[in-house]
Amino acid sequence: MSMILVKTKKELREQLQSADRQGQVGFVPTMGALHRGHLSLVERAVKENPVVVVSIFVNPTQFNDADDLKRYPRNLEADLKLLEGSGCQLVFAPEPEEIYPEPDTRKFNFGNLETVMEGKHRPGHFNGVAQVVSKLFDIVKPEKAYFGLKDFQQLAIINEMVKQLDLPVEIVACDIEREDSGLAMSSRNGLLSQEQRKEAAIIYDTLCRATQLVGEKSVQELEEWVTETINNSPALNVEYIEVVDSETLQPVGSWSEKGDKTGCIAVFCGKIRLIDNVRF
Ligand code: AMP
């Protein structure tokens with residue numbers, strides 16, 4: 001069945017109610033400028049659901065920096081080409097007024113999950129994410145929704161939101177897709193110059209080397225080592241590196257604390273902000 005582009009909630013609901021689109025719905029929310037990372041989510045959704053919806057919507061309420069929103073890459077035609085043949089049947093690409101006919105004034109409370117890392121450095125970001133994702137879930141009504149581990153904290157926030165709102169959707173966490181250099185794929189990578197893109201590969205390379213230094217260095221020494229190593233590249237500037245408990249996202253004080261640990265990082269490459277993470 002060929003893929004259909006819909007722009008309104010009404011069209012989407014009509015398509016989902018049509019006889020040839022019956023069955024479990026898998027949903028992949030994106031902001032477009034699609035790459036292999038997004039496609040890996042779509043492929044998984046296609047394997048696990050007879051009906052797959054991909055949304056493409058650059059959500060204004062999750063941007064705390066107006067320039068970042070303005071700069072964010074948009075290319076619907078290229079996105080549709082990439083999705084063609086992926087097995088996804090419906091692409092939902094609404095205009096902002098379709099999602100926000102009225103301003104969304106809801107305030108979520110994710111407790112300690114949102115006071116660290118991205119939440120701390122991008123005030124209001126996760127509130128915007130929760131606003132748009134809850135609205136999209138309400139429109140698409142998926143049984144399963146797919147999110148990348150690249151946005152590690154976002155995944156924790158979405159899981160918490162689903163719990164708080166008691167939504168009947170299963171959240172599926174998908175592995176990080178990387179470029180050959182190791183750089184985590186991101187729509188923002190396209191905004192980097194060739195030189196910057198090369199330098200940006202240092203981020204994941206350093207995180208991998210850091211996993212070998214556990215025990216030899218304390219958590220704090222390791223975080224300092226990662227910062228210094230990355231900042232050694234004139235193109236890169238670490239905003240934060242934080243080793244956290246993978247469940248609670250709270251900073252880990254020592255390697256002997258029990259529980260899974262993840263190292264999360266945000267780095268400026270020029271004006272472009274990149275995030276990544278690795279399991280310790
Ligand atoms: P975005 O368009 O950046 O909002 O991303 C849409 C979804 O794709 C989110 O769930 C992201 O975590 C996921 N995603 C983005 N980049 C990657 C990647 N490199 N590997 C896996 N998933 C990704």
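This briefing describes the overall fold of a predicted model and the surroundings of its ligand. Local features require pLDDT of at least 70 and side-chain atom pairs count only at pLDDT 80 or more, whereas totals for chains, interfaces and linings use all residues. Residues are numbered from 1 along each chain as its sequence is written, and side-chain values use heavy atoms, without hydrogens and water.

**Overall fold**
- The chain contains 10 helices and nine strands, taken as DSSP runs (helices: H or I, at least four residues; strands: E, at least two) numbered from the N terminus.
- Its radius of gyration is 19 Å, close to the 19 Å that the globule rule gives for 280 residues, so the chain is as compact as a globular protein of that length; the radius is taken over C-alpha atoms, and the rule is 2.2 Å times the number of residues to the power 0.38.

**Ligand shell**
- Around the ligand there are 17 residues, of which M31, H38, D151, E177 and M185 come nearest (a residue is near if one of its heavy atoms lies within 4 Å).
- Strand 2 (25-30), helix 2 (36-48) and strand 5 (144-148) each supply at least two shell residues, and helix 2 gives the largest share, three residues.

**Polar atoms and cover**
- An oxygen atom of the ligand lies 2.9 Å from a backbone N or O atom of M31.
- A polar side-chain atom of D151 is 2.6 Å from an oxygen atom of the ligand.
- A polar backbone atom of M185 lies 2.9 Å from a nitrogen atom of the ligand.
- The protein covers 93% of the 490 Å² of accessible area that the ligand has on its own (Shrake-Rupley method, 1.4 Å probe).

Terms used: Polar contact = N/O pair within 3.5 Å; in protein donor to acceptor, adjacent residues only side chain to side chain.
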